[in-house]
Every structure is written in structure tokens, then in C-alpha cells.
Amino acid sequence: LKKIIQESCKSCLEDSADYNQENNMISRQEDFKCCCEEKFKETVVGSTVYVTCEPCIMCAAALRMCDISNVVFGCCNDRFGGNGSVLAVHNKHSALLKTYQVESGVQADRAMSLLVEFYKHENKNAPEHKRKYKA
């Protein structure tokens with residue numbers, strides 16, 4: 001059985017005060033896991049996660065703890081990448097955690113274009129002192 005568990009998009013992010021949807025998703029999954037272990041296993045364990053950019057090191061570790069099977073992403077995260085660009089968190093040896101497979105570079109140019117376009121815009125929900133004004 002294949003189904004979408006959760007999805008997000010640019011318009012969803014525009015309403016977010018922190019632009020950090022991956023942490024929100026992981027937090028919701030952890031809450032779900034704590035209150036409903038069997039349902040979590042049925043829903044998340046063995047899933048494939050599709051993202052625009054390579055998960056950061058912390059997100060890669062969280063995905064591994066969720067026991068997913070695969071991560072598919074477009075562009076690499078050369079500063080914080082946890083699936084091979086900086087660290088290969090997804091396949092480090094651990095007696096407690098299963099590894100997961102990674103497919104990178106899927107529509108990489110398009111993914112990079114999406115990120116460039118996203119970061120051109122100002123976060124209207126950011127506190128005044130945190131906003132970056134363009135001259």
C-alpha cells in the first residue's frame with residue numbers, strides 16, 4: 001500500500017513563522033510515535049521520504065530513528081548534509097538502528113532552482129530585528 005503521509009510546499013512555508021517544516025514534521029511524527037506506537041509502525045516504518053534538498057545531519061539521524069527505508073532528494077546540502085555530502089549518517093554502523101538507502105540528484109537542477117527562488121523572498125513572519133533588508 002503506497003500513500004502520501006505528509007506533504008509540504010512553498011505556499012505552506014509562507015504561512016510558517018520559522019520556515020522549518022522538517023522539524024515540525026519530525027516533531028509530529030515523534031508525538032505520533034509516542035502516543036500510538038503500532039499506528040506509527042504501520043504508517044512510517046519502511047517509508048520513502050522525498051525532499052528537495054538533502055536532509056541535514058540532525059534530520060538524517062531523526063529519519064534513521066524513524067526506521068524509514070529510503071530518502072530521495074534533488075540537490076546536495078554542502079554545508080550540513082547528513083546523507084553523504086558532509087556526513088553519511090544514513091549508513092553509519094549502529095547495533096541499534098537500521099540503515100536506509102539514499103537516491104540523490106533527482107532533478108537536481110530543478111531542486112536548486114526551487115531553493116534559490118525560495119531564499120530570494122523575505123520571511124514576512126520573522127521578528128523585525130531578524131529581517132534582512134535589501135538595499
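## Strand pairing and the sheet

Two strands count as paired if DSSP finds at least two bridges between them. In this predicted model, strand 1 and strand 2, the latter covering residues 70-75, meet that condition with five bridges in the parallel sense, and within this pairing Thr-48 stands opposite Asn-70 of strand 2. As a matter of background, strands of a sheet pair through backbone hydrogen bonds, in either a parallel or an antiparallel arrangement.

The sheet as a whole is open, consists of three strands in the order 1-2-3, and has parallel pairing. Strand 1 (48-53) and strand 3 (101-103) stand at its edges with a single partner strand each, so one side of each of them has no neighbour in the sheet.

## Overall arrangement

The secondary structure of the protein amounts to five helices and three strands, which follow one another along the sequence in the pattern α-α-α-β-α-β-β-α. Helix 5, made of residues 108-120, lies across strand 1 and strand 2, and runs at about 70° to strand 2.

Of the 135 residues in the protein, 27% are buried. When contacts between residues at least 6 apart in sequence are considered, 54% of them join residues that are at least 24 apart.

The largest nonpolar core has 11 residues, namely Phe-40, Val-44, Val-49, Ala-60, Leu-63, Cys-66, Ile-68, Val-71, Phe-73, Val-89 and Tyr-100. Helix 4 (57-65) and strand 2 are the elements that give two or more residues to this core. In soluble globular proteins, nonpolar side chains tend to be buried together.

Helix 4 has as its buried residues Cys-59, Ala-60, Ala-62, Leu-63 and Arg-64, and two of these, Ala-60 and Leu-63, are also listed in the core. Val-89, itself a core member, touches Ile-57, Ala-60, Ala-61, Arg-64 and Gly-82 when residues up to four places away in sequence are not counted.

How many salt bridges does the model contain? The count comes to one, and it is formed by Lys-98 with Asp-67, whose closest N and O atoms are 3.9 Å apart; the pair is counted because the cut-off for such a contact is within 4 Å. The two residues belong to distant parts of the chain, 31 residues apart, with Lys-98 in the loop between strand 2 and strand 3 and Asp-67 in the loop between helix 4 and strand 2. Lys-98 is exposed, at a relative accessible area of 58%, whereas Asp-67 is partly exposed, at 23%.

## Backbone angles in the loops

For context, most residues other than glycine have a negative phi.

## Cysteines without disulfides

The count of disulfides comes to zero. Cys-53 is partly exposed, with a relative accessible area of 21%.

Cys-76 is in no disulfide either, as the nearest cysteine sulfur, again that of Cys-75, is 7.4 Å away. With a relative accessible area of 39%, Cys-76 is partly exposed.

## The segment after helix 5

Arg-131 is found in the segment that follows helix 5, where it counts as partly exposed at 27% relative accessibility. Leaving aside residues up to four places away in sequence, Arg-131 touches Glu-122, Asn-123, Lys-124, Asn-125 and Ala-126.

Definitions and conventions: Residues numbered from 1 in each chain as written. Predicted model: local features only at pLDDT ≥ 70, side-chain atom pairs only at ≥ 80, totals over all residues. Heavy atoms only, no water. Helix = DSSP H or I, 4+ residues; strand = E, 2+ residues; numbered from the N terminus. Contact = heavy atoms within 4.5 Å. Axes fitted to C-alpha atoms, helices over the stretch in contact; angles between N-to-C directions. Core = buried A, V, L, I, M, F, W, Y, C linked by side-chain atoms within 4.5 Å. Buried < 20%, exposed > 50% of the residue type's maximum accessible area, 1.4 Å probe, protein only. Salt bridge = Lys/Arg side-chain N within 4 Å of Asp/Glu carboxyl O. Disulfide = S-S within 2.5 Å.
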